[in-house]
Amino acid sequence: MKETALITGASSGLGKALAEIHAKRGGDMVVVARSVDKLNELKKNLEQNYSVNVYVLPKDLSKFEAAEEIHDEISRENIEIDYLINNAGLGGQGYFHERTMAQDMNLIMVDIIALTKLTKLFLRDFVKRGSGKILNVSSTAALMPAGPLQSVYYAAKSYVTALSDGIWQEIQGTGVTITTLMPGGMDTGFAKASNLENTILAKAMTFTPEIVAQDGYEAMLRGDMEVISRLTPEQEIWFKSVPTTPKEIILQQIFDMQK
């Protein structure tokens, strides 16, 4: 039996890598992103290479009604989703008071509102059916006390991790699982899109999306609560020191890395 995955942010980076991993396993999928051209190209490649069915669903997740529209369309098409992969996310570097209202509201809509809505809508279906898996993509940013120069992004990822972990406990025994993927140093288009290209943080992004996607996908299949994927040796040392380091020092270090 083929499992069908719904993957948001599937047109590039980590989302595209997750789509290919799922296709290699013979799974069908619904792919969501803003660019219909990129989604159609992905559909063509996956269907030709892996003999799977790919349903293209172009949608802007910064729109408040997007999640409901996705769920409604999938219901009308009688597509049963087995795996929900909430990968879509926005970042953005800059001083909070200087970033535009639209930039931060769009980030909140995609990283928090759309993810929460999709999780709620499909989790209801999964629990009722007694099966299903959810993978919510967060970040190791969620392990930090805060993220100066990416304050809204860090707060959003803390929310994603806390939400997913809470749900993980709530759904024990239902046959449904939820997993949080927290990538470390991953080299995607995120640094460029977030204006982080020339920062110390960007230079630590060395691991490919394919490696991180494999870690997250396998953790989802196992039903793990969390998976931290691919820290550099320097990052491992730094993360271990966070609990015992004064918050003021951690915030200064993060600020310096993201300037």
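Ground rules. Numbering starts from 1 along each chain as its sequence is written, and side-chain values use heavy atoms, with hydrogens and water left out. Since we are on a prediction, local features need pLDDT of at least 70, side-chain atom pairs count only at pLDDT 80 or more, and totals for chains, interfaces and linings use all residues.

Cavity first. A cavity here is a set of points on a 1 Å grid, over the protein atoms alone, where a 1.4 Å probe fits but cannot get out. Grid points are joined across faces, edges and corners, and volume is the space filled by probe spheres set on the points. The structure holds one cavity of 30 Å³ or more. The largest cavity has about 40 Å³ of space.

Who lines it? Lining residues have an atom within 4 Å of a point. For the largest cavity, they are Gly92, Gly94, Tyr95, Phe96, Arg99, Asp104, Leu107, Gln150, Ser151, Val152 and Tyr153. By class, that is five nonpolar, four polar and two charged. Nonpolar means Ala, Val, Leu, Ile, Met, Phe, Trp, Tyr, Cys and Pro; charged means Asp, Glu, Lys and Arg; the others, Gly among them, are polar.

Helices α4 (101–129) and α5 (151–170) each supply at least two lining residues. The largest share, three residues, is from α5. Helices (H or I, at least four residues) and strands (E, at least two) are DSSP runs, numbered from the N terminus.

Now α8, residues 209–222. Expected span is 1.5 Å times one less than the number of residues. For its 14 residues that gives 20 Å, and the end C-alpha atoms are 20 Å apart, which agrees. Just after α8, Gly223 takes a positive phi of about 80°.

Buried means under 20% relative accessible area, exposed over 50%, partly exposed in between, with a 1.4 Å probe and protein chains only. In α8, the buried residues are Pro209, Val212, Ala213, Asp215, Gly216, Tyr217, Ala219 and Met220. Their cover, by contact (heavy atoms within 4.5 Å), includes α1, β4, β5, β6 and β7.

Last, aromatics. Rings of Phe, Tyr and Trp (its six-membered ring) pair with centres within 6.5 Å; planes under 30 degrees apart are stacked, over 60 edge-to-face, the rest tilted. The count is three pairs. Tyr83 and Tyr217 are edge-to-face, at 6.3 Å and 80°. Tyr83 sits in β4 and Tyr217 in α8, so this pair ties together parts 134 residues apart in sequence. Both Tyr83 and Tyr217 are buried. Tyr153 and Tyr154 have centres 6.2 Å apart and planes at 75°, so they are edge-to-face too. Tyr153 and Tyr154 are also buried.

Conventions:
1 Å grid on protein atoms, 1.4 Å probe; cavity = no way out; pocket = protein on both sides within 12 Å on 5 of 7 lines; lining within 4 Å.
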